[in-house]
Every structure is written in structure tokens, then in C-alpha cells.
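Biologist: Before we go through this structure together, I would like every term set against its cut-off. Could you take my questions one by one?

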Amino acid sequence: MTDGLPPLPSLPGLDLPPLPTLGPVSRQVPPSGARRRWLPAEVTAIRDETATARTFRLRIRGEAPDRHVPGQHYDVRLTAPDGSTAQRSYSIASAPDRADEVELTVELIPDGEVSPFLHEEIGVGDRVELRGPFGGWFVWRGDTPALLLGGGSGVVPLMAMRRFWHDSGERVPLRLLVSVRRPEDLYYRGEYGSETTVIHTRQAPPGDPRPAGRLSADDLRPLLTGGQIAYVCGSAGFSEHASQLLVSLGMPAADVRIERFGPG
Amino acid sequence: MARLGFGRGQLKDPRLPPGQYDTGSSFPVLTAEVSPRLTAQDWSFRVDGLVDTARTWDWEAAHRLQADTWNGDIHCVTSWSKLGTSFGGVSLDTFLAEAGVKPEATHVVAWSHSGYTTNLPLAEVTGGRAWVVWEHEGKPLPHEHGGPARLLVPNLYFWKSAKWIGGIRLLDHDEPGFWEQRGYHELGDPWLEQRYTGD
Ligand SMILES: Cc1cc2nc3c(=O)[nH]c(=O)nc-3n(C[C@H](O)[C@H](O)[C@H](O)COP(=O)(O)OP(=O)(O)OC[C@H]3O[C@@H](n4cnc5c(N)ncnc54)[C@H](O)[C@@H]3O)c2cc1C
């Protein structure tokens, strides 16, 4: 897919200064064109990632949706017996190997409305509704060197990128940094290779030469190889801190994409 | 499966558009880009395009205009709403009156000092429907929420309320902005749940 420059708002005959722009875009109209519909999906597997995060494998029934691009999300809708509904967005964790099956990883927010229901009530064989895939900014098509920085559940869309990269032969350089509080908070344990650095902010595992502490410039410097697009996903605090560090280390702000889970 | 009615058994607040929940006292921060380090001294607001006179206000000039406060509800496309909140600044009508809007203008592109853009029909930002704001709940607008100044268009999803606002350009046609070029709806009316392209 080619990224063209965005059409700048212009008026023939008027001499106006160019507007600032965040750089190249590709217009992300769904390939299938029309309005996305809610599709029934069946839970086919559930896996615990940590004590508070669970991965749901979903098989989408009926018409096949568009295959996702790593970094995109689905909206999930739940309907109660009285007909009331709730919907939330969840990043896709799986590689885009098939269009009709996706994995979502959901962190339990104890006083939340939707995530406790997904954790405590949904089982294999149950159905939810999905709409998507959505998102055209925080996406990686596997054709540029990438630096992925994830904090907490922010690692989910980055894992889709990492899995895609691995499945398609690791053709461009990719670096992943995962920030967790304690060793037991790490999602997707056992799946990382030498491309990944895990840093611990509260409690480091025994024998780790890096003492527990907040992400620092020293953690990032070795991961900067030049020519990378950075993808930063996590809490507001993590995203702000990590993205400012990247810029302070010389990465152009226009090469840093942040997912704080969608537009406002 | 299935116990439970969603909505925690509460009567749904009539101020909440469909699919939204009340985020209470919190004010989530959503940003797609590196936050610019913009101070009041660096900030300016420009109105150009189809106007009689393109104009730029710096911080002090903007603060000499008729101040205004707005009280009401804001809605983010990611499903949270913040009810009964207040912002202070200047109505966009005041800026537009000083620049003079040409009759052929139908749309605007609002842009940020960061490079972010978003499109709006002119009718959605005139007649007391949009503000340039620098206060939230009586205090200076925090940097992460777009301080020193952001646009406020509370009738539409909040991605239209561009943070770190730098100006608006009046056009005789519609030009999709940052999110609108990336799968989100052209208008973004929360009451019609216009979230994504085609909704
Ligand atoms: C594009 C996108 C991608 C995302 N990807 C992921 C992902 O991969 N994994 C993931 O875990 N999450 C993800 N999220 C976040 C997810 O959508 C939900 O926000 C999250 O699961 C919490 O939802 P919830 O219904 O459990 O909590 P909510 O009910 O939304 O509650 C969140 C907080 O708000 C407060 N609150 C909400 N409603 C009320 C109320 N009526 N009264 C009082 N307090 C209230 C609660 O105190 C709670 O702490 C993503 C979001 C977006 C937009």
C-alpha cells in the first residue's frame, strides 16, 4: 500500500501558507466499503495471560470481515437479557493470519462494566458481537523498521505487530520494549525473542542486572537504529513519558505514533 | 453465560448519548502524537481562508476579546462522556466576526500547532457552538488536555475539539482531517453514534 501525502486544505487563487501536518497518510476507508455491521462471534478459546489479563479467541460468523492490519481494534458489544447493551474497543492481539478469527486480550478493571463481564461470565461457546476492524493511524504494515514500546495492556496491539513480523519472516528490523511492574505482570510470556527487552518498574526478577525503575533514556538508546517508526501504547503517563524520551533522543516527533486507545 | 444488566442497574442519565458511559470526575487523556511543548508565549491563533482579512491573535490579543464560559457535557468516541464540566475562553464567533466570513465559506479545517487537523461544517462551529478555550473548571487548561489552548466543539465527538489549536481555515468544500482520513466519521455527532466512516 502506498502512503500518499494528505490533501492540504487549499483554495485555488488564494495564497495561503501550508498548514502543519503530521505527515503521510493513507486514507483508511474499509476495503469492504460500506458501513461496518455488528457480526456474531463465538468464543473458541480462553487463555490466562496474567492474574488480571485474559485472551479470548473469537471466530466470526457469517460474512467475513476485512483482514486486519496489526495495530487495529475491534469493538465488542454485549447485550444483557433485558436488552441493554455495552460496547468497548479492544486491540487485536493476533497476527492477521485469518480474517474470521481474532484474539483479543482484556485486562480486568475491577470496577468496570465490560471487562469483569468478559472475565467472569463469558466461556467457550458463548457469543458476543464484533464490529471492525478499525483504526488507520496506529497500524504497521511490516514495511518499515519499527520500535514498539508498550506499558501494561498497551503491549496488546504491539504483539499483533510482533507476531505478524515473525510470521512473515522478520524481513525488517523490529525492536520491542515491554514495561511491566513485576515479572508476573508480563503478557505473552515465552513468546519473546532477542528483539524484545522487558523492563520492570517496581520489582525486577532475581538476577536482573537492571534495577527496578521507570523507563529511561538508557533503556531506549540501544534500541534506536535510525529510520524507525515508533509505536507507543500504554497509560497516559507511560505514553507521554516514553514519547518525550524518544524525541529527546533525536527521533523526529512525526515518526512517533501513540495509541492511547483511539481518538477523543 | 448471562447474568447482569449493563449500566450497573442505574437509570441511564438522559444526558448520555447512546453507547456512552459517565467517566465521572476523571478526564481521560487521548493523544495520537507527541505532545508539543507549547507555552502561552509561543501560542497563536490564526483565522484565514475565505475571510475578509486573515488574522492572527497572540495570547494577549486573544485574552483582550470578550471572555466566555461554557458549561455542559463532552463525549469521546471511545465511549466515555464527562458530564457537567466547564471551560473558559472566547467564542469562535468573536474571532470570525473580527476576520469577516465570506459568503462562500461552508467548512473549516481546524489545525493544531502539532500538525493535527480536523474538519467541521461552518454551521457546526458558529452561532455559539464552538470556543477557543484556555481554562477548565476555572484553572488553566492542563498541557495534556491541549493547554495552553484548545478548540471546544461539545456537540461533536471530542476528536473535533483540536488540542493545542493553532487556527482555522475557512473553505468552500469539506476536507477530511487527521482522524477522518483514518477511518473515523466525517461529522461525528455523538447522538447519532457517528463513530466510523459510513456510520
Ligand atoms: C482503540 C481501543 C483499544 C483498546 N484495547 C484494549 C485492549 O487491548 N485491552 C484492554 O484491556 N483494554 C483495551 N481498551 C480499553 C477498553 O476499551 C475498556 O476501556 C476497558 O476494558 C475498561 O472497560 P470496562 O467496561 O471494564 O470499564 P468501564 O466500565 O469503562 O470503567 C472504566 C473506569 O471508569 C469508571 N466508570 C465507568 N463507568 C462508570 C459509572 N457508570 N459509574 C462510575 N464509574 C464508572 C470505573 O471506575 C472504571 O475504573 C481499548 C480501548 C480502545 C478505545
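Biologist: Which residues does A:Pro65 touch, not counting residues up to four places away in sequence?

Modeller: A:Pro65 touches A:Leu39, A:Ile60, A:Tyr74, A:Ala99, A:Gly132 and A:Pro133, where contact means heavy atoms within 4.5 Å. As for the conventions, this is a predicted model in which local features need pLDDT of at least 70 and side-chain atom pairs count only at pLDDT 80 or more, while totals for chains, interfaces and linings use all residues. Residues are numbered from 1 along each chain as its sequence is written, chains are lettered from A and ligands numbered from 1 in the order in which they are written, and side-chain values use heavy atoms, with hydrogens and water left out.

Biologist: Why is A:Pro65 called buried?

Modeller: Buried means under 20% relative accessible area, exposed over 50%, and partly exposed in between, with a 1.4 Å probe and protein chains only. A:Pro65 has 10% relative accessibility and therefore counts as buried, and its place is in the loop between β2 (53–60) and β3 (73–79) of chain A, strands being DSSP runs of E with at least two residues and helices runs of H or I with at least four, numbered from the N terminus.

Biologist: What makes B:Phe158 buried or exposed?

Modeller: The relative accessible area of B:Phe158 is 5%, so this residue is buried. B:Phe158 lies in the loop between β10 (150–152) and β11 (165–171) of chain B, and its C-alpha atom is separated by 9.5 Å from that of B:Ser81, 77 residues apart along the chain.

Biologist: What makes the ligand site shared between chains?

Modeller: Residues from chains A and B surround the ligand, so the site is shared, a residue being near a molecule or strand if one of its heavy atoms lies within 4 Å of it. The shell residues divide into 8 nonpolar, 8 polar and 6 charged, where Ala, Val, Leu, Ile, Met, Phe, Trp, Tyr, Cys and Pro count as nonpolar, Asp, Glu, Lys and Arg as charged, and the others, Gly among them, as polar.

Biologist: How far is a ligand oxygen atom from an N or O atom in the side chain of A:Asp111?

Modeller: That separation is 2.6 Å, whereas a polar contact is a pair of N or O atoms within 3.5 Å; within protein, one must be able to donate a hydrogen and the other to accept it, and residues adjacent in sequence count only if both atoms are side-chain atoms. A backbone N or O atom of A:Ser91 also lies 3.0 Å from a nitrogen atom of the ligand.
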